[in-house]
Amino acid sequence: MLKIMKACQTNTRIPKLLPLGTPVAHKTGTLDKLMVDGGIVYTPKGDYILCLFYNGPLASREDYDKNYLGRDGEQYLAELSREIYDAYMED
């Protein structure tokens, strides 16, 4: 399973904004504007498990319509992933 997750080709969520070369084993899922990405982020400090969920259908109609092809949701998950990474890596 880890081999499959490490080969995930949708890297626009958890791994997108992480430092270049950060290994991630993850699996994405999308249904309309609902999206998820869950997996393991490998760091020199230690590994951590992360599962992110964006529920576009519960957004306001304006935000829902603005999330064309999931672009806003994917960016939101990527930014959240980076914030979690930065907090985890702090001394």
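**Exercise 1. Find which element of the protein chain has the lowest mean pLDDT and which the highest.**

Solution. This is a predicted model, in which local features need pLDDT of at least 70 and side-chain atom pairs count only at pLDDT 80 or more, while totals for chains, interfaces and linings use all residues. Residues are numbered from 1 along each chain as its sequence is written, and side-chain values use heavy atoms, with hydrogens and water left out. The score pLDDT is the predictor's confidence in each residue, from 0 to 100, and helices (H or I, at least four residues) and strands (E, at least two) are DSSP runs numbered from the N terminus.

**Exercise 2. Determine how the rings of Tyr-48 and Tyr-88 are arranged, and whether each residue is buried or partly exposed.**

Solution. Rings of Phe, Tyr and Trp (its six-membered ring) pair if their centres lie within 6.5 Å, and planes under 30 degrees apart count as stacked, over 60 as edge-to-face and the rest as tilted. Here the centres are 4.7 Å apart and the planes stand at 45 degrees, so the pair is tilted. The pair joins distant parts of the chain, with Tyr-48 in strand 3 and Tyr-88 in helix 3, 40 residues apart. Buried means under 20% relative accessible area, exposed over 50%, and partly exposed in between (1.4 Å probe, protein chains only). Tyr-48, at 10%, is therefore buried, whereas Tyr-88, at 28%, is partly exposed.
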